[in-house]
Amino acid sequence: MAYYISLPFFSLALIVSQMIIEDVVFSGKIAVELSLIVVIYSGFRFDVLRGGILSFILGFIHDCLTCSLSGLYTLTYVLIFLISKLASLRVSPGKPFLIMSFTFVCALFEGIMIILFHPLLFGGGISTHAIVGYLPQVLIVSTLSPILFRAFHWTEAALNGREPQPAKRT
């Protein structure tokens, strides 16, 4: 119960933190979507209800704070969660290269969704600058993912009052 009550506050803090990192560290040029890594991690570690709600709330708050297309991040995060849940049956979360590769593909999928939907809803063409500008973000997020997966795993274990154990396939 406490998980579901604290979820909107955690999600808001995470989205605001990543926006601050984007503005302070990268001068607003590159967005480091820590929320995307949380969504992927939840696909590997949480059940469908718990992870689905987390993904929905993170996407909804991201939509609200970034004034993006209504529901685009919500839809994308829920889809990425479901894809991650399916991938968790085959990919071990304890293998850093596989996590990096999977996160790279998911971040690329997110970027393609955003780049394709924007012209469809607002008119205009697909910008090549948007595609090229999105690649550093994808590389940074995929590079950070194994480190953050380990940190999330330790945090999850500490919150549940147990010793962190090696990540296993669910």
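This is a predicted model: local features need pLDDT of at least 70, side-chain atom pairs count only at pLDDT 80 or more; totals for chains, interfaces and linings use all residues.
Colleague: What makes up the secondary structure of the protein chain?

Modeller: The chain has six helices and zero strands. Along the sequence the pattern reads α-α-α-α-α-α.

Colleague: Why is Ser 55 called buried?

Modeller: Buried means under 20% relative accessible area. Ser 55 has 0% relative accessibility, so it counts as buried. Ser 55 is placed in helix α3. Leaving aside neighbours within four places in sequence, Ser 55 is in contact with Val 39, Ser 42, Tyr 77, Val 78 and Phe 81.

Colleague: Why does Pro 146 count as buried?

Modeller: The cut-off is again under 20%. Pro 146 stands at 17% relative accessibility and therefore counts as buried. Pro 146 lies in helix α6, residues 128-159. Not counting residues up to four places away in sequence, Pro 146 touches Pro 96, Ile 99 and Met 100.

Colleague: How far is Pro 146 from Gly 94, in sequence and in space?

Modeller: Pro 146 and Gly 94 are 52 residues apart in sequence, and their C-alpha atoms are 8.4 Å apart.

Colleague: Why is Ile 20 placed in the partly exposed class?

Modeller: Exposed requires over 50%. Ile 20 is at 47% relative accessibility, so it counts as partly exposed. Ile 20 lies in helix α1.

Colleague: Which residues make the nonpolar surface patch, and what qualifies a residue for it?

Modeller: Patch residues need over 30% relative accessible area and no salt bridge, and nonpolar side chains are joined within 5 Å. Ile 20, at 47%, is over that area cut-off. The patch is made by Leu 12, Val 16, Ile 20, Ile 21, Val 24, Val 25 and Leu 65, and comes to about 560 Å². Helix α1, residues 2-26, gives the most to the patch, with six residues.

Colleague: Which residues of α1 are buried?

Modeller: Leu 7, Ser 11, Leu 14, Ile 15 and Gln 18 are buried in α1. The buried residues of α1 pack against α2 (34-45) and α3 (48-66). In an α-helix with 3.6 residues a turn, residues three or four places apart point the same way.

Colleague: How do you know that the span of α1 is close to the expected one?

Modeller: The expected span is 1.5 Å times one less than the number of residues. For the 25 residues of α1 the expected value is 36 Å, and the first and last C-alpha are 35 Å apart, which is close.

Colleague: Where does α1 bend, and by how much?

Modeller: α1 bends at Pro 8, by about 35 degrees. That bend is the angle between axes fitted to the seven residues ending there and the seven starting there. After α1 comes Ser 27, whose phi is positive, near 50 degrees.

Colleague: What do the totals for the protein chain come to?

Modeller: Of its 170 residues, 41% count as buried. The accessible surface is about 9400 Å², with 73% of that belonging to carbon and sulfur atoms. Among contacts between residues at least 6 apart in sequence, 70% join residues at least 24 apart.

Technical notes
Residues are numbered from 1 along each chain as its sequence is written. Side-chain values use heavy atoms; hydrogens and water are left out. Patches are made of residues with over 30% relative accessible area and no salt bridge: like charges are joined within 9 Å, nonpolar side chains (Val, Leu, Ile, Met, Phe, Trp, Tyr) within 5 Å. Accessible areas come from the Shrake-Rupley method with a 1.4 Å probe; for residues, only the protein chains shown count as cover. A salt bridge is a side-chain nitrogen of Lys or Arg within 4 Å of a carboxyl oxygen of Asp or Glu. Helices (H or I, at least four residues) and strands (E, at least two) are DSSP runs, numbered from the N terminus. Buried means under 20% relative accessible area, exposed over 50%, partly exposed in between (1.4 Å probe, protein chains only). Contact means heavy atoms within 4.5 Å.
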